[in-house]
Structures are given as C-alpha cells and as structure tokens.
Amino acid sequence: MLHNVKDNYIISVKDHVSQFEEKSFRKLASNDFKGWPSPREETWRLSRLGVLSRKEIAPIIPNFKKKFSSVSKLNGSKIIRFVDGALRQDLSSKLPPGSSLKILSEEDSLKCFHKFKDSNLKDHPSTNVSFSCTPSIVKLTIEKDVNIIDLFEIIYEGGDYNLSVHPALYIELKDNSNITIIERFNHLSSLIMPLQLIELKK
C-alpha cells in the first residue's frame, strides 16, 4: 500500500510538469526524480516519512488571489512573502537600496538549475522534486559593499492538507555584502520542500 501511494506522488509530479517544454528546467528536474525520500538521507532523517507516505499528496497550483494579513512581530523587518510556494510581491515589503528581488526567466532558471546539479545536491529528491514543481525560481541579490541594516523576514504561507509546496529561492551575496534573514513557515500543507541556494560572488 505504501509503495502505491509513493508511486502516485511520483506520477502526480510527472503530470504536473507535462505542460512544460522538454528543455525547461522543470522537465529536466523531473527526469531525475525517481523515488520517494529515504530517512537514510541526512536532510530527511528526522522527518516522519512513514506518515507522509500514507497520504495522497500532489503538487500545489498557486492561488494568486489568496490574501494573508499576518504581520511581522519584529519591528521594522522587511517581509518577503511566499503564498502556495509562489512569491507574492504585492504582499511583500519594498526592499532597501542595494537589494533586489526578481523572478528568474526560463533562461536564468536553467542556469540556476545547473548550479544545483553541479553540487553535491544533484541527486537529492528534494532538489529534483522542488525544481520540478516550483512556481518559479526567485532571486534575492545583495550588491557589493552593501550592509543591509534591516532584518529580512521570509514568510511562507498557504498550502492545503493534501498538497505539497515548493518555493525556490536563490540568494546572491556579492563581495563584502551583509544581510540577516529569518524564515517563518505558516503552512497548512502536508509536505513543504523549500529549496535554497546561497552563492557568494566577487
């Protein structure tokens, strides 16, 4: 029974990416997603995979009309908000000078995807399934010699009980830059698989 439910999730991921072109980063990632995570993998060692494997779970389709009114308890923080795994700039703060936030194009997303695939995370189930199902890859850049005084608060919200959520964030820190980030997860989803790459660039 467990095997069938796990197989169903793999099939649902494949169905999710079927709408994209063969050379898209999502389709390339899905080609390498072949199995359910194992507790032998360090990042999943403390997860209750047995409970998850009994649930019928499918990747979420973001609802860009969802509204959330939660506010930060940290005075003066700059909020970057993801809802259903998708960046919501309309619900996020204006960023200070020297920092920028954008959704990557397909071409730039492919470059980011290859950075991951050249790392030791290239075969990790989280890498492949999150690249397959993410609404988009979001890039946060801090420019050279910029010291961000404001606290950045990344908030992940939304989801649903039988859906998986896959936000993807690429953080580029240029030479001699500085930033402080905290993250808050307020999800309803059974499976939350955030994907992050932090790159230090000169």
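Modeller: Leaving aside neighbours within four places in sequence, Leu169 is in contact (heavy atoms within 4.5 Å) with Phe82, Val138, Leu140, Ile154, Tyr156, Leu195, Gln196 and Leu197. This is a predicted model: local features need pLDDT of at least 70, side-chain atom pairs count only at pLDDT 80 or more, and totals for chains, interfaces and linings use all residues. Residues are numbered from 1 along each chain as its sequence is written, and side-chain values use heavy atoms, with hydrogens and water left out.

Colleague: Why is β5 called mostly covered?

Modeller: Buried means under 20% relative accessible area, exposed over 50%, partly exposed in between (1.4 Å probe, protein chains only). In β5, residues 137-142, six of six residues are buried, so the strand is called mostly covered. Ile137, Lys139 and Thr141 point one way. Val138, Leu140 and Ile142 point the other way.

Colleague: What makes β4 and β5 a pair?

Modeller: Strands are DSSP runs of E, at least two residues, numbered from the N terminus. Two strands pair if DSSP finds at least two bridges between them. β4 (residues 99-103) and β5 have five bridges, so they pair, in the antiparallel sense. Lys102 stands opposite Lys139 there. β5 and β8 (residues 168-174) run parallel, joined by six bridges. Tyr170 in β8 is the bridge partner of Lys139.

Colleague: What makes a set of residues a nonpolar core?

Modeller: Its members are buried Ala, Val, Leu, Ile, Met, Phe, Trp, Tyr and Cys residues, joined through side-chain atoms within 4.5 Å. The largest here has 17 residues. Ile80, Phe82, Leu140 and Leu169 have the most contacts inside it.

Terms used. Helix = DSSP H or I, 4+ residues; strand = E, 2+ residues; numbered from the N terminus.
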